[in-house]
Amino acid sequence: GEEGGVDDASFMEALQASVRATGTLTSVKTRAERKAQKAYAAAHRKTFELRTALLRAEIEVADAGLSRAQASERLVQLRAQAAEDAAKLAAVVAEGANRPTRNLQATLAARASESAASVVKMQVVEEGEGERQLRAQNALDAVDVALVRAEIAEQPLARNFAPISARDHAVASLRAESERAEAQRQERKKLQNDAMAEAEAMLKSANDQRFVERSAALVQATRERLAETQRAMAVKQKELAGREVEEQRRRAKAVIALKKSREGITAKLHAANARMAAKRASEALALKEESKRILAAGGNPHEVSRRRTETARLDGERTAAQAKLRRHADALAARILAEESRYQAQRRKALRAKAAEKMYLEDFSTVARETRADAFMAAHTLGGQTLIDPTSRMAKLYASDHAAVKTRAFGSSLPQPFGANETAADAVLAREALKFPDVTFDNNFVPRGGATEEGQEGTYPEGGVPGSAGGTVGASGDGG
């Protein structure tokens, strides 16, 4: 059949196209359909809002009518009350003009005035409620007209949206049917899983039964061990109870001793308080006797007592001031010593910085560099010279002819060759030998020099170098 102007064939074609496009049971709308849906939704929302406003306006009209009715009823009551008060006042006025009647007349006149004022106020309230009801009725009529117009405007939009809504409802029904079939499939699967779970539970129950049977023996053994443990615990508890009794006795003795001690201390305090009271009484008696003697001598006992008190106060203030002065002097001395300590520390720091700066400047000055160079040359040249051939008359300079290249661990030995300057070699060897006077040398370890005047190879004598003792270098000591 048809629903909202859409037949089954066109609906199924549209549904098949939607399934092919999305792969699910979803209603796919064209742009025009989505636009029509939005327009209908906006119109329907406006109609709903107007219906809500109409309901609020009806409630407001009903409330205003109820309030007006209550005000009218109250106005009638107030008018009746005012009439009753006026009648009572007229009756009292007719009775006479004695004093009690005049008082009653004044009371009734005031009550009648209040009733008349209440009637006026209630009339104003009734008129206000009538105006509010009229405004609410006008608003209700306006909302009703707007609702009718909105419903009229919504009808064509609803007719345009009806096929789309029918299709959506049909798709929703098919989706619900599909979901219902899926739920049934899931329910069947759940039943199968429940059956498997029940079988597993039965197997587990059998295993649990076997476990229970095995556990029964363990429980019996545990009970026996528990009984043995309880017997041992009973013995321990009996011993503990005995110790607790002894502890309670000890605590009781301690409490009794504490009580006796407190009583003794209390007695001592009472005795001390009594002695203090007796001392104060004797002092008061002495003051009284002194006052009598001063009065008998024509003096002023109050002045004497005041002078004694002021003297004691001044002595205390003087002692406190002296103590405060000593504290201030000690604090001042401590601050002076701390300041002196900080000054000396800063001064030492400045002197160290100045000395370091001076050493740094001296270390990088021209004189320091020349001094280091002269010392290096004197230590590494054969003749202790700071300059090698300053005249530059030699065509070539060989370092092995002038410098003694050595390490600190090698001692006093010299490398080969010495060259022809035997006098320089003798001077270097003699200088090194003077550093180690107790070390002898061996000629086999003394390097050979150049040729002598006789054309023979230069050697050192058996007795050693000039100015050194006989022996061999390297035979003892640190010669290496």
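This is a short tour of the structure above, one selection at a time.

**Before you start**

You're looking at a predicted model, in which local features need pLDDT of at least 70, side-chain atom pairs count only at pLDDT 80 or more, and totals for chains, interfaces and linings use all residues. Residues are numbered from 1 along each chain as its sequence is written, and side-chain values use heavy atoms, with hydrogens and water left out.

**Stop 1: the whole chain**

You'll find seven helices and zero strands, so the pattern along the sequence reads α-α-α-α-α-α-α (helices are DSSP runs of H or I with at least four residues, strands are E runs of at least two, and numbering goes from the N terminus). Of the 480 residues, 17% are buried; buried means under 20% relative accessible area, exposed means over 50%, and partly exposed is in between, with a 1.4 Å probe and protein chains only.

**Stop 2: colour by confidence**

Colour by pLDDT, the predictor's confidence in each residue from 0 to 100. The chain averages 77, with 75% of the residues scoring at least 70.

**Stop 3: salt bridges**

The whole structure holds 17 salt bridges (a side-chain nitrogen of Lys or Arg within 4 Å of a carboxyl oxygen of Asp or Glu). Here are some to click on.

- Go to helix α3, residues 99–296, and show Glu 247 and Arg 251. Their closest N and O atoms are 3.3 Å apart. The two sit four residues apart, so about one helical turn separates them. Glu 247 is partly exposed at 28% relative accessibility, while Arg 251 is exposed at 53%.
- Select Glu 290 and Arg 308, whose side chains meet at 2.8 Å, N to O. Glu 290 lies in α3 and Arg 308 in α4, so this pair ties together parts 18 residues apart in sequence. Arg 308 is partly exposed, at 39%.
- Move along α4 to Glu 339 and Arg 342, which are three residues apart, or about one helical turn. The closest N and O atoms here are 2.5 Å apart. Arg 342 is partly exposed at 45%, and Glu 339 is partly exposed at 45% as well.
- Finally, show Glu 60, Asp 63, Glu 129 and Arg 132 together: salt bridges with shared partners join them into one network.

**Stop 4: a nonpolar patch**

Which residues make the nonpolar surface patch of about 360 Å²? Select Tyr 360, Leu 361 and Phe 364. Patch residues have over 30% relative accessible area and no salt bridge; like charges are joined within 9 Å, and nonpolar side chains (Val, Leu, Ile, Met, Phe, Trp, Tyr) within 5 Å. Zoom in on Phe 364, and you're in the loop between α4 (301–363) and α5 (366–380).

Terms used. Areas by Shrake-Rupley, 256 points an atom, 1.4 Å probe, with all protein chains shown as cover.
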